[in-house]
Amino acid sequence: MVYSVEQNTFIVMSYYRNGTFVDGAWLYSVAACKQEYLANYPDLEIQETSLEAHIRDVINRFVRTGNVNKGKSSGRTAVSEEVVDDLRERLEQNRQTSLTRLSQQSGVPVTTCHKVPERIRAMNASVKLLLIVREPVTRAISDYTQLRANAATASPALPTPPPKSFESLSLFPNGSINEAYRPLAISIYHNYLHRWLEVFSREQILVVNGDLLIEDPVPQIQKIERFLGLEPRIGTHNFYFNETKGFYCLRNETSDRCLRETKGRKHPRVDPNVVSKLRRYFGEHNQKFYELIGEDLGWPEE
Ligand SMILES: Nc1ncnc2c1ncn2[C@@H]1O[C@H](COP(=O)(O)OS(=O)(=O)O)[C@@H](OP(=O)(O)O)[C@H]1O
């Protein structure tokens, strides 16, 4: 069966329109999209299983290329979370991969990341941005924990090699720091923030302390409300500490809701000497970051 551009466009719109926002994440359903498609095109004879496969194809293509139909691409690539995860994984597997090669493998143009601030300004020059940062070593361990969890679930049918420790990925055998290890590199915040400050004024960006957001969310959310010029509505009555999860969860008149399991994973124990070494390494980078934001976040340097 050949689908028209109109039908494929309908599929993409229906798929995303029927998404639901649950526990801080968007969930999409092929089944809901299929039902809507069948209701909209009742006269077409179609096998439901082949329609499901087609919906998946169209969505994958759309995510990969930004197009609903096969054929010549517009040259623009939609960089979805999946694409970012794919890039990360490729880098994890082979840290020597050049940007050019990575770009060829993934279809993401090398310059795409560099253009994001300009593209956002082109969309809305007075946009307000939130930058949530955690102490860089904790962030790196969080990132490592997430990558390890993703690798374990990626292909459950295949035997996975035992995971490497955070220590062995962060340090070379001679004890020097592996600066190319992505979870560490991404924690050097000034490397990224300066691009945004070339495009947006400092007043347009609110830096939120992610560690305080975890410990005591209400004051941080209230800061965000003020920054966004929203009517103050959030208070302590909106949160309760969930002992099982070990994090604050949301509460309103009708329900309680925690962030999903992938948020707030237990981190592995990391050798305190390695943590100290990494904190010393981040010291000068943190100072550069503080200078850019005009605020000292007081992250430990040992
Ligand atoms: N209330 C509440 N519940 C659960 N988790 C919370 C909460 N507030 C902040 N956090 C922290 O959010 C971290 C995950 O957010 P990320 O932005 O790193 O997630 S992701 O990379 O987009 O998946 C996640 O990091 P990890 O603890 O390393 O899992 C949490 O510490």
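Predicted model: local features only at pLDDT ≥ 70, side-chain atom pairs only at ≥ 80, totals over all residues.
Student: What does the secondary structure come to?
Tutor: The protein has 13 helices and 7 strands.

Student: And how many of the residues count as buried?
Tutor: Of the 302 residues, 13% are buried.

Student: What share of the contacts comes from residues 24 or more positions apart?
Tutor: They make up 52% of the contacts with a separation of 6 or more.

Student: OK, the ligand. Which residues surround the ligand?
Tutor: Ser142, Thr145, Gln146, Leu213, Ile214, Phe247, Tyr248, Leu259, Thr262, Lys263, Gly264 and Arg265. Two or more residues each come from helix H7 (136-154), helix H11 (210-215) and strand S6 (247-251).

Student: Which element gives the largest share of that shell?
Tutor: H7, with 3 residues.

Student: How do the shell residues divide by type?
Tutor: There are 5 nonpolar, 5 polar and 2 charged residues around the ligand.

Student: Where does UniProt place the "binding site" feature?
Tutor: The UniProt record, an unreviewed entry, puts it at Arg134, Ser142, Tyr248, Lys263, Gly264, Arg265, Lys266 and His267.

Student: Take Lys263 and Arg265. Where does Lys263 lie?
Tutor: Lys263 is in the loop between S7 and H13. Arg265 is in the loop between S7 and H13 as well.

Student: Is Arg265 buried or exposed?
Tutor: Arg265 counts as exposed, because it has 12 C-beta neighbours inside 10 Å and the cut-off for exposed is 12 or fewer. Lys263 has 14 such neighbours, so it counts as partly exposed.

Student: What is Arg265 in contact with, leaving aside its neighbours within four places in sequence?
Tutor: Thr145 and Ala149. Thr145 is also one of the residues around the ligand.

Student: What about Arg260? Where does it lie?
Tutor: Arg260 sits in the loop between strand S7 (256-257) and helix H13 (272-293). It is exposed, with 12 other C-beta atoms within 10 Å.

Student: Which residues does Arg260 touch, not counting those up to four places away in sequence?
Tutor: Asp23, Gly24 and Ala25.

Student: How far apart are the C-alpha atoms of Arg260 and Gly24?
Tutor: They are separated by 7.3 Å. Along the chain, the two residues are 236 residues apart.

Student: Switching to the sheet. What is the order of its 3 strands?
Tutor: S5-S6-S7, as an open sheet with antiparallel pairing. The edge strands are strand S5 (239-242) and S7, and each pairs on one side only.

Student: How many bridges join S5 to S6?
Tutor: 4 bridges, with the strands running antiparallel. Phe241 has Tyr248 as its bridge partner in S6. Tyr240 is partnered by Cys249 in S6. Tyr248 also belongs to the ligand shell.

Student: Which residue takes a positive phi in the hairpin of S5 and S6?
Tutor: Gly246, with phi near 80°. That hairpin has 4 residues between the strands.

Student: And how many bridges do S6 and S7 pair over?
Tutor: 2 bridges, in the antiparallel sense. The bridge partner of Arg251 in S7 is Asp256. A hairpin of 4 residues joins S6 to S7.

Student: Last one, helix H12. What should its 12 residues span?
Tutor: At 1.5 Å a residue, residues 217-228 should span 16 Å. The end C-alpha atoms are 16 Å apart, so the span agrees.

Student: What follows H12?
Tutor: Gly229, whose phi is positive, near 70°.

Terms used: Residues numbered from 1 in each chain as written. Near = placed C-beta within 6 Å. Nonpolar A, V, L, I, M, F, W, Y, C, P; charged D, E, K, R; others polar. Buried ≥ 20, exposed ≤ 12 C-beta atoms within 10 Å, placed from the backbone. Contact = placed C-beta atoms within 7 Å. Expected span 1.5 Å × (residues − 1). Pairing = 2+ DSSP bridges. UniProt positions renumbered as here; feature names shortened; annotations may be inferred.
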